[in-house]
Structure formats: C-alpha cells, structure tokens
Amino acid sequence: MVNTIKEMKSDVCIVGAGPAGMLLGLLLAKQGLKITVLEQNPDFHREYRGEITQPRFVQLMKQLNLLDYIESLDHVKIPEVTVFHNSNPIMNLKFNTLIEEESYCARLTQPTLLAALLKKAKEYPNFKLLFNTKVRSLLKEGEKTVGVHAQAKSGEQINFLKEQVFEGELNVHARVTVGVDGRNSTIEKLGKFEVDLEYHDNDLLWFSFEKPKTWDYNIYHFYFQKNYNYLFLPKLGGYIQCGVSLTKGEYQKIRKEGIEAFKAKIVEDMPILKDYFGNVTNFKEFVLLLCRMRYVREWAKDGLLLIGDAAHCVTPWGAVGSTLAMGTAVITADVLYKGFENNDLSLETLKQVQRRRHEEVKLIQNLQLILEKFLTREPVRKELAPLMFNIATKLPDITKTYKNLFTREKPLDIDDVFIFESESSPEKKEQIGIS
Ligand SMILES: Cc1cc2nc3c(=O)[nH]c(=O)nc-3n(C[C@H](O)[C@H](O)[C@H](O)COP(=O)(O)OP(=O)(O)OC[C@H]3O[C@@H](n4cnc5c(N)ncnc54)[C@H](O)[C@@H]3O)c2cc1C
C-alpha cells in the first residue's frame, strides 16, 4: 500500500464514466485537451441501465458521424411501439411517421456503448480513464474548484493504458471539473448544488425472460392490464425485458405479501409469462428502478460543472435519459472547447451549458410529468388512464408530442471539429472490450 498522495494534472477532470462522461471525455480528447475520467466501478458492467436509445440518439450519433460505428455493434432496431389495454391494441406508433431517416430506437447495452466510446478514446494519448477510483472531495482554492481528491481501491484497478496502475489516494488538478456522476451525484453534494425539482411518484420493477415463440421481437409493447401496467422491450440474445409499473413504495408491500401472490397477479394479467414464472421462487430476479426526476437549479460553479443525470435526471418514460445526458455532454464539449480556445473558463462560460440545454431538458421533463399521470397505478386514475390515453392519441397535436419526446427537430448547434472521420469503424460485430 502506497501512503503518499499521487498528484495528477489535467485540463478537464470528469467524474463518472457513464454515457455522458465517456462521450464528453472522447469529444474533448479529440480536441487535444488532457482529460482524466474517474470511475468508481471496476468496469462498465451494469444491469438494466440506459439500454434503449431513441431516434434522437441515432440522430445524435449521425450528427457526430459515429452512426456507422455504433451500428456495427451488437444491437436490436425497434421501429415501432404498440399500446394495449386488457390485451387489445389501442395505439401503434411507427417511428418513420415522425422522421424519415434514423426512424428507430436502438437497443444497445450500456457496457457495449461505453466500451465502444472507450475504444475510440484510446486513439488519443491525452485521454485517461481510471476505474475503481472514487471521488471523495473537491480540491479548492478559495471558492473555486481546482480538481478532486479520490481514492483508488486496492485490488483490481484497471487503467486501460496499462500505466500508472496504483492504489491509494489521488489528487487530480484540473482547470475544469465536471460532475457526471449520475442520479445520486457525490459532486452535487460536495459542490452544495441546490435542487429545483424533485419528483418521485412511481417505480418500475425490471426482470427479463426468454422470448416466447409468438412474441413480436422488434416492437416495444406497453400493456394497461387489470393488476399492473407493463413495459416490454426486446433485449439482445433473444430475451425480453419487462418493467412492471408500481407506485412509490408498493414494492415493499409486494415483498411482504410474498412471491407467490405477486406471480399469480402477473400471470393473471399476462398468461404468456406462466412458463417463465414457474421457475421463479424469490425476488432475486427483480431490479427496482426508482422513477425519479430531478433538476438542479444552477449547474455551474466556479471551476465546477454538473451535467447528465447529476444535473437533470428524468424518469424512464420514453427511455430518453441516456440520450438527454449525452446531448448535454456534446454541448458541454462545445462550450469547454471554445472556453479553452478563448482562455475563458469563467463561471459565465460554464453557465452557457445550462442556458443551451435548459429548454430541451424542461420540454422532456414536462412531457414526462404528463405521462406519469397516465401511467400511474394510483387506484382512481388507474381506471381512467387507458381511456385518457386513447383520447390523447387522437388529438391533433399528438404527433408533435411524440416528435418532441423521441426525436430532435434540429441537430445540436456545435462546432464541426467534433465530427469524426468516416473510416474508423471497427470490424463488423467485433468484440469491443477493455484490453
Ligand atoms: C434501471 C435503469 C434503467 C434505465 N433504462 C434506460 C433506458 O432504457 N433508456 C435510457 O435512455 N435511459 C435509461 N436509464 C437512464 C440512464 O441510464 C441514465 O439517464 C444515463 O445513464 C445517465 O448518464 P450519465 O452519464 O449522466 O450518468 P450515469 O450513467 O449514472 O453514470 C454515472 C457514473 O458515475 C460513477 N460515479 C458515481 N459516483 C462517483 C464517484 N464519487 N466517483 C467516481 N465515479 C462515480 C457511477 O459509477 C457511474 O458509472 C435507466 C436507468 C436505470 C437506473
């Protein structure tokens, strides 16, 4: 065990290697800036996170000229969504009615996406990612943040460049520190950011099952059924992922009643799941996602910026969280790149990120707040929800609403320097991993 604190210097220190942190790191490294990304986990492996990306993600990748690269990875294309009430279809939306090109959702696992971004970032020697390294505090000069203090865990810390592998304490000094550390952000707490909006009414309980033979694999399904509402999403490897919609706190009650009672209700709603539930004997299969929405009042402080879920977490409705976080990462890259070019990384410069992202984030959050009312399982509204949904789908403005949720009207306003050259696609279906 080394007792001295290791000192490192970077232009930008990025805390968190999720989709937003990795994309930001890649885009800034492409501009020659010295980037250090710190990630508390030992790798990218996550279960049930940000795996569905909307046409707006496909649009973003196309804008950066990364779409061929992304399409060469293992993914499923989902061109439509169908909504059912008591097993009868009440609405179908084909994404090609919203936009002509990029008219699909891509089901892409988060580890695959992150490893692909890392593989690209490896092309730049000025990019560094340290896994197993948890940020504990901010380095300060008066009120200004000048980096972070972190703890590198003993054991299997991986540095993909196979250099400076160490354990112990670490200071990363940086001109700008970006907290991209997700919905339970440490940087938000350390930086004493204030939260403007905190909403949490519903939860989703996830599990996966082998695709039944009769199931149409390439369609999102949403079911309003007697006991619960369900979201079904195609998953790679011939599986379907299901999210059972619950009210906040309902899962604790379900667990008290026991697995058999829960299984009986689900199978009553969805008889197609009978075989799968025959083998389920406990709650280990399930992962609870708290459907929280948050909005941090001011994302910038002197030397410090909060972006992605850490600044603007959204609920799972519309599966838009990762894409929104990555959109903010792209705008952040644009703002910081220009800030470094002009030698102006003042608080005013950092504030531009929120100014440029506020409208889109708020649009999505407001749409989701409406959706939450439809999808709730609160007893009275639960009965009315399918009816209200049915009426809403016939409203003249509904296409505009879908467009706002699933697509972007215009490309993000960024400098051309962020657009990648075409030739660097990996081999089709090449296994991308950390070597
Ligand atoms: C169960 C679940 C299902 C979801 N499904 C979808 C979906 O289908 N589609 C969709 O678009 N979105 C989905 N989301 C939301 C999506 O995952 C997020 O919106 C997206 O990952 C946000 O990206 P981010 O980079 O801002 O943060 P994150 O992806 O949360 O990444 C933050 C990173 O910071 C690291 N970190 C945290 N604290 C520290 C610290 N102190 N030091 C170092 N590292 C730290 C974390 O380990 C993490 O890797 C889902 C979320 C969950 C939880």
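This is a predicted model: local features need pLDDT of at least 70, side-chain atom pairs count only at pLDDT 80 or more; totals for chains, interfaces and linings use all residues.

Biologist: How do I read a helix pair, say helix 1 and helix 4: what are the angle and the axis distance?

Modeller: Take the axes and the crossing angle together. Helix 1 covers residues 19-30 and helix 4 covers residues 110-121. Their axes come within 9 Å and cross at roughly 15°. Angles under 35 degrees count as roughly parallel. So helix 1 is roughly parallel to helix 4.

Biologist: Is the crossing of helix 1 and helix 4 left-handed or right-handed?

Modeller: Helix 1 crosses helix 4 in the left-handed sense.

Biologist: Which residues of helix 1 and helix 4 meet?

Modeller: On the helix 1 side, they are Pro19, Met22, Leu23 and Leu26. Helix 4 brings Gln110, Leu113, Leu114, Leu117, Leu118, Lys120 and Ala121. By class, this contact of helix 1 with helix 4 has nine nonpolar residues, one polar and one charged.

Biologist: Now helix 1 and helix 10: at what angle do they pack?

Modeller: Helix 1 and helix 10 pack at about 30°, and their axes are 8 Å apart. Helix 1 and helix 10 are therefore roughly parallel. Here helix 1 passes helix 10 in a right-handed crossing. Helix 1 makes the contact with Pro19, Ala20, Leu23, Leu24, Leu27 and Leu28. Helix 10 answers with Ser322, Ala325, Met326, Ala329, Val330, Thr332, Ala333, Leu336 and Tyr337. In the contact of helix 1 with helix 10, 13 residues are nonpolar, two are polar and none is charged.

Biologist: What about helix 2 and helix 10: how are they packed?

Modeller: Helix 2 runs over residues 55-63, and helix 10 over residues 321-341. The angle is about 30°, with the axes 9 Å apart. Helix 2 and helix 10 are therefore roughly parallel to each other. The crossing of this pair is left-handed. Arg56, Phe57 and Leu60 of helix 2 touch Thr323, Leu324, Met326, Gly327 and Val330 of helix 10. Sorted by class, the contact of helix 2 with helix 10 comprises five nonpolar, two polar and one charged residues.

Biologist: Next, the core. How many residues are in the largest nonpolar core, and which have the most contacts inside it?

Modeller: Look at the total, then at the residues with the most contacts. The largest nonpolar core has 141 residues. Phe127, Phe232 and Phe286 have the most contacts inside it. Helix 10 supplies the largest share of this core, eleven residues.

Biologist: On to single residues. Is Lys9 buried or exposed?

Modeller: Compare the relative accessible area with the cut-off. Exposed means over 50%. Lys9 has 65%, so Lys9 is exposed. Lys9 is found in strand 1, residues 6-15.

Biologist: What does Lys9 contact beyond its neighbours in sequence?

Modeller: Set aside residues within four places in sequence. Lys9 is then in contact with Lys34 and His173. For C-alpha spacing, take Lys9 and Arg175: they are 166 residues apart along the chain, yet separated by 9.0 Å.

Biologist: Last, backbone angles. Where is Ser87 found?

Modeller: Look for positive phi in residues other than glycine. Ser87 has phi near 70°. Ser87 is found in the loop between strand 5 (80-85) and strand 6 (88-94). With a relative accessible area of 41%, Ser87 is partly exposed.

Biologist: Is Glu102 buried or exposed?

Modeller: Glu102 counts as buried, at 15% relative accessibility. Its phi is also positive, near 50°. Glu102 lies in the loop between strand 6 and strand 7 (105-107).

Definitions and conventions: Residues are numbered from 1 along each chain as its sequence is written. Side-chain values use heavy atoms; hydrogens and water are left out. Axes are lines fitted to C-alpha atoms, for helices over the stretch in contact, and angles run from 0 to 180 degrees between N-to-C directions. Helices (H or I, at least four residues) and strands (E, at least two) are DSSP runs, numbered from the N terminus. Angles under 35 degrees count as roughly parallel, over 145 as roughly antiparallel, 65 to 115 as roughly perpendicular and the rest as oblique. A crossing is left-handed if the near helix is turned anticlockwise from the far one by less than a right angle, and right-handed if clockwise. Contact means heavy atoms within 4.5 Å. Ala, Val, Leu, Ile, Met, Phe, Trp, Tyr, Cys and Pro count as nonpolar, Asp, Glu, Lys and Arg as charged, and the others, Gly among them, as polar. A nonpolar core is a set of buried Ala, Val, Leu, Ile, Met, Phe, Trp, Tyr and Cys residues joined through side-chain atoms within 4.5 Å. Buried means under 20% relative accessible area, exposed over 50%, partly exposed in between (1.4 Å probe, protein chains only).
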